[in-house]
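The sequence and the structure come before the text.

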Amino acid sequence: MAAVRECGVCWYVYDPQAGDDVWQVPPGTAFDDLPAEWRCPRCDSGKERFLPVREEAPADPRPRTLEAVYREIHRTKMADVPILNPALAVEALDFAPFAGGLLGALVTPWSVNAVFFPPKGPPAPPMGRARALPVGVVTFLPQTLPGLGEVELLSLFSPALEFVDQAAAVAVARECLKLLLTPPEVEEQPAQSQPSRRELFGFLRP
Ligand code: FE
């Protein structure tokens, strides 16, 4: 996509796809191909005042959709379930690209999970899909959710009654996510008395 440039004086945007009627520049003319005498059609600044527009990637909508879906589950299917932690709310956090998909965490009043939005591909087996994470191989369970298609969940805590507030659950979710994305330590000192991460977080392994 051809670069859009912006006037540093008046913020007029030159879009190569649109060209410029004032100077009769045809659509499809790159900024660098504009005539030397071309000036800002709005404020008459020279070409040298134009700067590339920093194009920020639009935020991936899936984590927000996931929250909406789980708020609805909370409101309906889970409404009368006695294991809800009243201090917790649905929150999707720390989603970032991983292995062609998007990996993050989901806190709900009844669980803390790692969640993976997989790249397009064949559906996961109902018993789960083994995923090679930096920490090791873990099995995510597939779930088909409205508006999202197949989503893979790794339950970290369920129920989630031990968390005193949302911040505590978010902190633990964040810590678990970090562990999943950290390779296990190489055991250089077998006589070490402290348990390794692998031993501490053995529950993450299938
Ligand atoms: Fe201008």
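## Sheet, helices and salt bridges

In this predicted model, six strands make up an open sheet with antiparallel pairing, in the order S4-S5-S6-S9-S8-S7. Strand S4 (91-98) and strand S7 (129-133) are at the edges with a single partner strand each, so one side of each has no neighbour in the sheet. From one strand to the next, the twist averages 35°.

S4 and strand S5 (residues 101-108) run antiparallel and are joined by six bridges. Leu 93 has Ala 105 in S5 as its bridge partner. Helix H1 (residues 62-75) packs on the sheet, where it touches S4, S5, strand S6 (111-117), strand S8 (136-145) and strand S9 (149-157). The direction of H1 makes about 145° with that of S4.

Helix H2 (residues 166-180) has 15 residues and spans 21 Å from its first C-alpha to its last, close to the expected 21 Å. Buried residues in H2 include Ala 169, Val 170, Ala 173, Cys 176 and Leu 177.

The structure holds eleven salt bridges, among them these:

| Pair | N to O distance |
|---|---|
| Arg 62 and Asp 60 | 2.9 Å |
| Arg 129 and Glu 150 | 3.9 Å |
| Glu 152 and Arg 131 | 2.7 Å |

Glu 152 in strand S9 and Arg 131 in strand S7 tie together parts that are 21 residues apart in sequence. Glu 152 is buried at 0% relative accessible area, and Arg 131 is buried at 17%. Glu 150, by contrast, is partly exposed at 23% relative accessibility. A network of salt bridges links Arg 129, Arg 131, Glu 150 and Glu 152.

Notes
Residues numbered from 1 in each chain as written. Predicted model: local features only at pLDDT ≥ 70, side-chain atom pairs only at ≥ 80, totals over all residues. Heavy atoms only, no water. Pairing = 2+ DSSP bridges. Helix = DSSP H or I, 4+ residues; strand = E, 2+ residues; numbered from the N terminus. Axes fitted to C-alpha atoms, helices over the stretch in contact; angles between N-to-C directions. Contact = heavy atoms within 4.5 Å. Expected span 1.5 Å × (residues − 1). Buried < 20%, exposed > 50% of the residue type's maximum accessible area, 1.4 Å probe, protein only. Salt bridge = Lys/Arg side-chain N within 4 Å of Asp/Glu carboxyl O.
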